[in-house]
Amino acid sequence: MQGLMQDWSLLIHRVIDHAATQHATRPVVSRSVEGPIHRTSYGEIRPRALKVAKRLTRDGLRFGDRVATLAWNTWRHLEAWYGITGIGAVYHTVNPRLFDEQIVYIVNHAEDRLLFLDLTFVPLMERLQERLPTVERYIVLTDAAHMPQTSLRNAAPYEEWLAEADEDFRWADFDENAAAGMCYTSGTTGNPKGVLYSHRSNVLHSLAAVSPDMLGLASRDIAMPVVPLFHANGWSFAFSAPMAGCSLIFPGAKLDGPSVYELLTSERVTISAAVPTIWFALLQHMEKIGGELPDLSRVVIGGSACPRAVTETFRDRYGVEVMHAWGMTEMSPLGSVCSMKPEYRHLAGDAWLDVKQKVGHAPFLVEMKIADDEGKELPWDGMTFGRLKVRGPAVAKRYFRLDEEILDENGFFDTGDVATIDPSGYVQIVDRNKDVIKSGGEWISSIELENLAVGHPDVAEAAVIGIQHPKWDERPLLVVVAKEGKQPTKDGVLGFMEGRIAKWWMPDDVVVINEIPHTATGKIQKTALRDMFRDYRLPGT
Ligand code: ADP
């Protein structure tokens, strides 16, 4: 027997329809790429997204076609996403920090037909366009006054292009399982792999994301996703914020400490989200100027591990709660957030910080397990390490145009992370499977050592890699970058770490370098670091 409820497919345009109906005047504020602060609202964004949809149709774009965006977080980028998906086409976010070769690979692999780009990226695309035969036209996200002279194929300024259509358009209607968006994982080895989100997966994932134990978004919130829309589906903010009806503040191209601080305070942001490096820069800036964050109540930090010292400084100095989050492109991307269940709610001081080092618990829609190399499930005792595997309606089942099977026999996807899970379901990421240091048959977590080392007052950033050792197989080498004007020493840093970790976890050496290499999504690039230290020998070997 079938239920007797309405057919109401989970299509993304319903989200912007809802925001424009229930939260029409809610501000959407952007630092425009041209410079000035731009103000609009959900009530104005919806008709402009309808125009995008109509105008794309006039350019011949059809259901299932891929449309690339190479853009910062701004209102135009948001309109483009809704316009693209509103005709059943697929937004494909391209990370501008990728190497030329990778951008060429993914645009060709996705066969993008049209490409929206910010002014910032005009020179980049002029350089690459000859190698991108599928792209028929380039729309520059600006107005006629700011449009540069360009050789880009069929180029037009967005505002002019948009003005050639009106909003008299109906969103297309189709199956909720249709593709909506795609994002390639940065692929530290081999080619990037395309993750293809559906309308249904994006809507369900965002419903989970707004819930109180996840981002906990409400119409009263003012949310600033510093995390770019091109990083792992923008951590859901393009959908979850309008779904909740909260204000959106977009930082545009300026993600440095002073610029982020300025918007956090001038727009009275209540919740923000970004990878740790953004917060390192913000905290350093605030330390310098004696900044305050009276309106900010929580920051979502994920993408890589959030050091304890960052969580502590936010709490003790600024009264802000860090929501440590974990996820990945293949998971839409949120997998867990560290919010307090009742059993941990009463904790304070160090005990509270201990829990905040974990990445929290999974929402409904994400099932988790840890397993050994043979696939045997391991206990949730907070101590046993295992491969973290996940399953759910917003988790990838295959990569775009790759035949490779990526799920185990029970439908779980191996995240490539090693983790423990405690009896309350809290996950602690020990390491990436390939980064964990194997010393004398035991494992050392590079993440834990890094998090501890950055707590040293002279250390700005830290990375740990395993170095070959004749007796122990591998031993940890700690690489640090000094804070401005400081000179951390090996003895000083090791002295600071002593007593806070098991003796045999202590790094065998500490090296100070000027800069730690990062990936296109702001993570420590361990492969590059291993290359840098390929010929390095640990003391005494
Ligand atoms: P990329 O394309 O840069 O690999 P992803 O965002 O998909 O982008 O990377 C996901 C990986 O990032 C996870 O599998 C995990 O290793 C790491 N990661 C994400 N959040 C955290 C966190 N809070 N702590 C530790 N590692 C994290």
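1. A nitrogen atom of the ligand sits 3.3 Å from a polar backbone atom of Ala-305. That is a polar contact (a pair of N or O atoms within 3.5 Å). On the side-chain side, an N or O atom of Asp-417 lies 2.6 Å from a ligand oxygen.

2. The ligand alone exposes 580 Å², and the protein buries 90% of that. Areas are Shrake-Rupley values with a 1.4 Å probe.

3. This is a predicted model, where local features need pLDDT of at least 70, side-chain atom pairs count only at pLDDT 80 or more, and totals for chains, interfaces and linings use all residues. Residues are numbered from 1 along each chain as its sequence is written, and side-chain values use heavy atoms, with hydrogens and water left out.

4. The shell holds 19 residues (a heavy atom within 4 Å of the ligand). Thr-329, Asp-417, Arg-432, Thr-521 and Lys-523 are the closest. By class there are six nonpolar, 10 polar and three charged residues; Gly counts as polar.

5. Which elements give two or more residues to the shell? They are β14 (321-327), β18 (413-421) and β19 (427-432). β14 gives the most, with four residues.

6. Just after α4, Glu-111 has a positive phi of about 55°.

Methods:
A polar contact is a pair of N or O atoms within 3.5 Å; within protein, one must be able to donate a hydrogen and the other to accept it, and residues adjacent in sequence count only if both atoms are side-chain atoms.
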